[in-house]
Amino acid sequence: MSNSAIPFPQSPVVPSLVEGNHVIQFQCRKGIDCWNACCSNIDISLTPYDVVRLKRRLGLTSTEFLRDYTVPYEMDKDDIASVKFRPVDGGTACRFMTPEGCSVYADRPTACRYYPVALLSMRKQDESVDKDSYALVKEEHCHGHAEPVKMSIDDYRKQQGLPEYDDLARGWRQLVLKKKSSGPSIGKPSLRSRQLFFMACYDIDVFREFVGSESFTSVFDLPPEEKESFKDDVVLLQFAFRFLKQVLFGEQTLPLKEEAAQARREQLKAKRSEEEREAAARLLREEEGPTSAADEGFD
Ligand code: SF4
Ligand code: SF4
C-alpha cells in the first residue's frame, strides 16, 4: 500500500505500513522522564471488549459506564457510532491516570496497550478477508523510543495482552470494515439499525434485556442452553456480532422461528421480484437506445 493511502497524513503516525515481524525500538517504564505524558492528553476510542472489561472492573452496568466514562462519536460519518473515553472534567487527562500510573492497568483499553503502535485493519472493496497492518506513532512527548529495548510488533502485542483483546473484538472490526467496504451500495443504515448497533456493541446489559424480551424471542429460535450462556458478557458480545451481521447485512447467522422465517422468505421474494422488474426496465431502456433531444421535443 502506498504512503498516500495512510489515512492521517498530518498525524504523528509514521507514514509506512509494516507487518507484525517488524522490529521496533521502544520501552515504557516507571521512572522515565515522560511518565504519564501520554495519559495527560487523551483521545482514546474503545472497542466493545474494552467496555466489557472496564465496566466489570469498576463494578458498573454498561449503561452506567457509558454515561460516566465515555462520550459517543461517529466513526464513519453519519453511519457507525462508537465511544471514546471522557477525560477529567475541564481537562484532557484520563480519569484513570494516577501519579503511580494507570489505575485500571490490567483492564486498560486496546488503544493504550497498542501505543506506540497503531493497528490498521483493512478490507479491500469486494474482498471478504481483512488484513492487519501496523504503523508506528512517534510523538515528541514520548521518550520511550529512545530506550534501548527492541522487539517485533508480534512480541510487543503478546507482551501487552493484545491477542485476546483483538480476538474478542474481531467480530466488531469485521462489521465496521464490512460497512465501510460495502460503501454506498448498502446505503445508509436506518436509525433503528444504528441504535441496535450501538446497543449490541456497547450497552451489553441493555442488549441482554433485549435478547430476553418477547419481541426478540418471537423472532429468533435459540436453544435454552445458548440463552443461559448469555449471562457471560463476553459470550453475549460474540453473539451480538452474529446478530448484527443478520440485522445489518441480511446474513443468515441466527435461526428464525417458523413464522418469522416465512415472513423473511416473502420479504426476499418481494425483493427479488422488484430487482427483476428493475432489470427488465433497464434492459428495455437500453434496447430503445439513448433518448435524443429531438425525442424530448427540443430542437
Ligand atoms: S486507561 Fe490507563 S493507560 Fe489508558 S489513558 Fe487511561 S491511565 Fe493511561
Ligand atoms: S514512554 Fe511514552 S507511553 Fe510511556 S509514559 Fe512516556 S509518553 Fe507514555
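Begin with the shell around ligand 2, which comprises 8 nonpolar, 4 polar and no charged residues in this predicted model. To display this shell, select Cys28, Ile32, Cys34, Trp35, Asn36, Ala37, Cys38, Tyr115, His141, Cys142, His143 and Gly144.

Now select strands 2, 3 and 4. They form an open sheet of 3 strands in the order 2-4-3, with antiparallel pairing. Strand 2 (45–46) and strand 3 (70–76) each have a single partner strand and stand at the edges, so one side of each lacks a neighbour in the sheet. Between strand 3 and strand 4 (residues 80–85), the antiparallel pairing extends over 6 bridges.

For the last stop, show helix 1 (residues 48–58) together with helix 10 (residues 233–249); their axes come within 11 Å and cross at roughly 160°. Helix 1 and helix 10 are therefore roughly antiparallel to each other, and their crossing is right-handed. On the helix 1 side, the contact is made by Pro48, Tyr49, Val52 and Arg56, and on the helix 10 side by Asp233, Val234 and Leu237. Coloured by class, this contact of helix 1 with helix 10 shows 5 nonpolar, no polar and 2 charged residues.

Definitions and conventions. Residues are numbered from 1 along each chain as its sequence is written. Chains are lettered from A and ligands numbered from 1 in the order in which they are written. This is a predicted model: local features need pLDDT of at least 70, side-chain atom pairs count only at pLDDT 80 or more; totals for chains, interfaces and linings use all residues. A residue is near a molecule or strand if its C-beta atom, placed from the backbone, lies within 6 Å of it. Ala, Val, Leu, Ile, Met, Phe, Trp, Tyr, Cys and Pro count as nonpolar, Asp, Glu, Lys and Arg as charged, and the others, Gly among them, as polar. Axes are lines fitted to C-alpha atoms, for helices over the stretch in contact, and angles run from 0 to 180 degrees between N-to-C directions. Helices (H or I, at least four residues) and strands (E, at least two) are DSSP runs, numbered from the N terminus. Angles under 35 degrees count as roughly parallel, over 145 as roughly antiparallel, 65 to 115 as roughly perpendicular and the rest as oblique. A crossing is left-handed if the near helix is turned anticlockwise from the far one by less than a right angle, and right-handed if clockwise. Two residues are in contact if their C-beta atoms, placed from the backbone, lie within 7 Å. Two strands pair if DSSP finds at least two bridges between them.
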